[in-house]
2 protein chains.
Amino acid sequence: MTAKAHVQRVVGTGAEEAAPRVGVVGGGQLARMMQEAAIPLGIQLHALVEAADGASGQVIPNSQVGDADDSAAVCALAERVDVLTVEHEHVPDEILAAAGELAPVRPGSHALAYAQDKLLMREKMEELGAPVPRWWRVNSEQEIQAGLAELGGRGVLKTPRDGYDGKGVRIIAEASEARDWLADGGPLLLEEMIPFEFEVAAVLARRPSGEVACWPVVRTVQQQGACFEVVAPAPGVGPELEGQIQDIAVKIAEDLDVVGILAVEMFVGSNGGEASASGAPALQPYVNELAMRPHNSAHWTIEGADTSQFEQHLRAVLDLPLGSTLPLRDWSVMVNVLGSELDDPREAYQQVMEKYPRAKIHMYGKEVKPRRKIGHVTVVGDDLDEALAQSHGAAAMLRGEV
Amino acid sequence: MTAKAHVQRVVGTGAEEAAPRVGVVGGGQLARMMQEAAIPLGIQLHALVEAADGASGQVIPNSQVGDADDSAAVCALAERVDVLTVEHEHVPDEILAAAGELAPVRPGSHALAYAQDKLLMREKMEELGAPVPRWWRVNSEQEIQAGLAELGGRGVLKTPRDGYDGKGVRIIAEASEARDWLADGGPLLLEEMIPFEFEVAAVLARRPSGEVACWPVVRTVQQQGACFEVVAPAPGVGPELEGQIQDIAVKIAEDLDVVGILAVEMFVGSNGGEASASGAPALQPYVNELAMRPHNSAHWTIEGADTSQFEQHLRAVLDLPLGSTLPLRDWSVMVNVLGSELDDPREAYQQVMEKYPRAKIHMYGKEVKPRRKIGHVTVVGDDLDEALAQSHGAAAMLRGEV
C-alpha cells in the first residue's frame, strides 16, 4: 500500500567535485553569513572555526576546528580550496605567507597589514592624501603629554593592533592613563578627537582584475564603541560628498591592492565654517578605520541591495565579475542586537514576528553575553522613520527589553 | 612575532541546544533553499536525504541518508525535532502517522492526501465549489472513450498519484493510449483540456493558529510540462480576478487545514464570451494542481518579497507569526535552468555575471541531466521587459546555449 517515493534522486552526483571552493579562516557570524551566500551560488565554503558548534561551525558542513594562529591548520585549509580568505584581520602574516604557497590568499597580507596596524594605516593614508585626524606615534608619557597639549588637553589613544568594537580605544586627558598600555611595550597611536557631525562608512568590493563596485555610502551610529545602527543611504550626504567619500575608498582599495570587501569608516566633521556652494556648512570626511572583510556597516545589503556584501566577497575572491550594488528600496536600516536580557533571543520570536512582520531577523547562533553582537535586524522600505522604528523595535524585543 | 588572535570565541555555547528544530523529509533543492532561510533565523534544520552529497545533504550538517518510505528513518528524524515537514508529497500516509506520534507533522496527512491524489483532490474541489475542468474517474478504455466523446475527442489523462513536471500526464485522443496505465491497475483521471489564456499560481502560507498570508498571484509558463518562467505579479490579472483566485486558494487552505506553504496552480480561460464590466472578455480560473510545500512558482520571493516562501514555511510549521508578503519591486521574473549543455553550469559564471550583474543565480548542486531542474535565475526590477530579458539571458548562458 505504500506509494513509491518518486522524488528526483541525487545520488553520487559529482556536482560537489566541480564546486568552486573558498576557504575562510574564522568561525563567527561573518563566515556564517558567507555560507548563506555560498549556498545559492553552489560555492563550497570550507572554514577553520574555533568550535564545531560555533556561529559558523553549525552551518558549514566542511568545518575544521582550529586556531587562526595555528600554521598547520591554516595551511591544511589552504590545501583543500581554490582560494583562501579571512573573516578577521588577526591571522599572523607569516601564516598567511605559508598558506599563500598553497592557494591564493585574498586579500593578500600586503593589504591586510593596513587593516591590522593602525599606525601603518595612518602613515599610508597620509601618503595617499586621504584626510585623517591629526595623529602621533607615541612611545612614552612625555610624547603623549606633548600631543595632548597640542590637542587642547584631550585625545584618543589607540593600541595599533587587535582593537575592535571599542576595545583598544581610550579617550584620555592625562598621559598617566596610558601607563598600562605603555608597559605592554610598543608604540601607541594618539589622535585628535574629531568633533564629528556623524559617522559614515564607504563599503566596496574589488577583484584581482581591478573591477571595483561601491554600495551607497551609509551612516553608522556607534554605541559604547560597537556598531549599533546603520542607515543606507546616509542621510545628509549629498551626491558631491558621497562622491568624495567613495573616491577616497576606491583610492585606498586600488593603492593597497585590496581584494574582497573593503570598508572605510569615516568621521564627517564641519569644515571650519567654510560653506559649500549651496550655503550649507561644508562637510569634511576623515578616515577612521579600515576593514578588509565583510563588515557590519554593510549587513543591510543582504536584503537591501541587488548583491549582498557576502555574495560580493565570494565573487571578488574568486575573481568573478561583481554584482549590481543598487539598493532595492529607498531606505535600509540595520540595528545590531548587542546582548540580551533573554537566555535565548529566539524566545522573543512569537512577539517580534507578530509586531514586526517586515523585520528581517538574523541570529548568529551565539550564546548571549553582555553587549556581545549576537544578531541584527534589517528593515527595508520607502519610509525612513518607519524603517527606523521597526528595526529598533524588533531589536529591542530580541534584547528582551520590551 | 605572531599577533594573538583576538577573535570572539564561540566555544561550548549551548546556543545550539536552544535552537528550534525542524525536520524535513527530502534531500532536493527545496530543503536546500529552506536551509538558506533557516540559517539567519537560527533554526536548526534536520534532513532525511537520498545522498550525503545531494542538493541538501551538501549544505545541511544535520542530514541523515535514508528513504522517504523507510518508516524507521522518518521516525528517527521525527524524534530529533520539534516539528516535521516534507519537501514532496510522496511520503506514505502510514509513515506520516507513525512519525506524528513523535512530533507534529505539518502539513498533516489529512491535508497532504489531497496533494498526493488527483482524484481525491478533484472531488474535494467540487465539494468546495472551486472551479475545475470537467473530469471523470475512469477504470477502462470504455469509460475513457465515453469521456473523450463528451470532450469532442481529446482530453488530458493523468495518473492520480506520483506525477510531477509533466510525468504522469498525457494528452490523448484514443482510449488505447491509456492501455499501459490501465494495466498498472487503479482508476485514472480524465479531464477537459482547458483552452487557457494563461496559467497562474496562488501561493500562500497558513499556520496552525489559522493565520494566512498570500503573495501576489503569479503567471507561470510551462515548458514540456515543467515550470519554466514565473512573473510576479501576474500580468493581465486585475485586482478583481486576483481576489477571486486568492479567495479560492484561501478556502482550500482553510477547508483542508493546510499548514505551511500551499500552491494552487490554475488555468485562466475566457469565460464563454461573457464580458466584464470593463468590456474585456471575462476570465475564469480553473484549479489544476495543489502542492503543499514550497513551490517553484514562489522561488521569486527569495529576492522579490519581504519574506521568502522558505522562511514563511519554517515560520508556519513552527506556528510563528507569518512575515510580510509585500513585493520589493514592481516585477520579479524567475526562470528555471532545465538541464544544460555544460558539464557544470558554474563554468558559465564568468560570462553570465559579466553580462547580467543584477541576475540572482541559484544552482542546486545537482548533476546535469537533460531537462532536469538544476537551478534558477531571478531578476527583480521596475521594468518587466528588462527583467524578462535578463533572467532568460542568464538562464540560457547557464544552459550553455549562448
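Predicted model: local features only at pLDDT ≥ 70, side-chain atom pairs only at ≥ 80, totals over all residues.
Biologist: Which residue takes a positive phi just after H10(A)?
Modeller: That residue is A:Asp319, with a phi of about 55°. Residues are numbered from 1 along each chain as its sequence is written, chains are lettered from A and ligands numbered from 1 in the order in which they are written, and side-chain values use heavy atoms, leaving out hydrogens and water.

Biologist: What makes B:Val250 count as buried?
Modeller: Buried means under 20% relative accessible area, while over 50% is exposed and anything in between is partly exposed (1.4 Å probe, protein chains only). B:Val250 has 19% relative accessibility, so it counts as buried. You will find B:Val250 in helix H8 of chain B, residues 239-255.

Biologist: Which residues is B:Val250 in contact with, leaving aside neighbours within four places in sequence?
Modeller: They are B:Leu204, B:Val212 and B:Cys214, where contact means heavy atoms within 4.5 Å.

Biologist: What makes B:Glu311 and A:Lys360 a salt bridge?
Modeller: The term asks for a side-chain nitrogen of Lys or Arg within 4 Å of a carboxyl oxygen of Asp or Glu. Here the closest N and O atoms are 2.9 Å apart, so the pair meets the definition. The count between chain A and chain B is 4 salt bridges.

Biologist: How many residues of each chain are in contact across the two chains?
Modeller: 77 residues of chain A are in contact with 78 of chain B.

Biologist: Why do we say that the copies meet through the same surface?
Modeller: We say so because 100% of the interface residues of chain A are also interface residues in chain B.

Biologist: And what rotation superposes chain A on chain B?
Modeller: A rotation of 180° does it, with 0.0 Å of shift along its axis and an RMSD of 0.0 Å. The two copies are thus related as by a two-fold rotation axis. The superposition is by least squares on the C-alpha atoms of residues with pLDDT of at least 70 in both copies.

Notes: Helix = DSSP H or I, 4+ residues; strand = E, 2+ residues; numbered from the N terminus.
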